[in-house]
Every structure is written in structure tokens, then in C-alpha cells.
Amino acid sequence: MAIDEAQELIKLKGFGLLKILAYSYDNLRRVYFVMSGFKIGLLKRFLKLEKTDSPLFGRYMQIVELRPFTLQEAVRFLVEGCRQYGVDPPNAERVYRALGGLPGWLTYFGYTYVNTKREEESISQTVSYAVELIGQEFYHFLLGREAAERRYRVIMETAAECAS
């Protein structure tokens, strides 16, 4: 079972998900859990693996940290992905300069590029998708923080002026 954005589970109130996970871990040998998210600290706090009163205390967990790719890694990633689909690769260095090394954005670019075979259109589509997704995440972040919304917007606008 895969759960993306698993750090959001910390918002669950009154539901014993940890007991269900512990039962599954102990009794369902062919069931595996993959939890992904970018806030590993919140996820660890939710799972309470190091608290003796947690249902998951003492259970094994493997952490795989995915960091942004270097230019060389991004080039290999895009070239190999295109090879697997029988598509001529794009100018991977140009794609890296436009999108950076985040695996998710490079994957989305690769998906659109394999379908369109148009580099510029795929970069544009990826940037549009990223802007929309970040906007949605910021909107959800602001929910419940209405009193501080103006301050957070100023912070984001200031950060945007410094960003490439």
C-alpha cells in the first residue's frame, strides 16, 4: 500500500491508524507500506516509532531520501527514460536549467515529452503544472492561518523575487 503526502496523516484525530499499521506489519506478511512525503519530521512524529507506548514501537522502518539530481544525474535520468520509450532524448542540460534537478518535475517533463516529443512545450507544460500545484499547496497551507495570511504572502512574494 502506498501513501503519498503521508505527513498529512498527522492531522487525523480520533482514528487509530497506528494500530492498523502495527497489526498489518505483524500479521499480513505480504502487505508492505510505502509512505512518501517531503516532511519526514512530521511523518516520524506521527508514526511515533521511538515512543514505547506507540503501537509501532520497535518496528523496522527504512528511510529512502531522494534529493535533487545533479546535472549529470538529471541528464542520465532523462536519457534513460527516453531510451526506455524509444524516443530521442531532449537537450537534457537545457531541461535541467529550466526545471532544476527535482525528480518529480523531471519525471513530469519526461511524461509530457514522451507524449508530445516537443521539448519547449513539455517544459512549458511542466512549469505551468508546477505553478498550479505550488499555488494549491500554498492555499491549503494558509487554511487555518487566516490571521497570518498577509505575512505569509509577503514572505512568499519576497522569496519569489530572489528565486530563479
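Reader: What should the 14 residues of helix H5 span at 1.5 Å a residue, and what is the distance between the end C-alpha atoms?
Author: H5, residues 103-116, should span 20 Å, and its end C-alpha atoms are 20 Å apart, so the two agree. The expected span is 1.5 Å times one less than the number of residues. Helices (H or I, at least four residues) and strands (E, at least two) are DSSP runs, numbered from the N terminus.

Reader: What kind of model is this, and which cut-offs apply?
Author: This is a predicted model, where local features need pLDDT of at least 70, side-chain atom pairs count only at pLDDT 80 or more, and totals for chains, interfaces and linings use all residues. Residues are numbered from 1 along each chain as its sequence is written, and side-chain values use heavy atoms, with hydrogens and water left out.

Reader: Back to H5. Which of its residues are buried?
Author: Pro103, Trp105, Leu106, Phe109, Gly110, Thr112, Tyr113 and Val114. Buried means under 20% relative accessible area, exposed over 50%, and partly exposed in between (1.4 Å probe, protein chains only).

Reader: What do they pack against?
Author: The buried residues of H5 pack against helices H3 (71-84), H4 (92-99) and H6 (119-142). Contact means heavy atoms within 4.5 Å.

Reader: And what follows H5?
Author: Lys117, with a positive phi near 60 degrees.

Reader: Where is Glu5, then?
Author: Glu5 is in the loop between strand E1 (2-3) and helix H1 (17-27). Its phi is positive, near 55 degrees, and Glu5 is not a glycine. Glu5 counts as partly exposed because its relative accessibility is 30%.

Reader: What about Lys48, where is that?
Author: Lys48 is in the loop between helix H2 (40-47) and H3. Phi of Lys48 is about 50 degrees, again positive in a residue that is not a glycine. With a relative accessible area of 37%, Lys48 is partly exposed.

Reader: Zooming out, how many helices and strands are there?
Author: The protein has 7 helices and 2 strands, in the order β-α-β-α-α-α-α-α-α from the N terminus.

Reader: What is the radius of gyration?
Author: The protein has 20 Å, whereas a compact globule of 164 residues would have a value near 15 Å. The radius is taken over C-alpha atoms, and the globule rule is 2.2 Å times the number of residues to the power 0.38. Along the principal axes, the C-alpha atoms fill a box of roughly 55 × 45 × 25 Å.

Reader: How much of the protein is buried?
Author: Buried residues are 25% of the 164.
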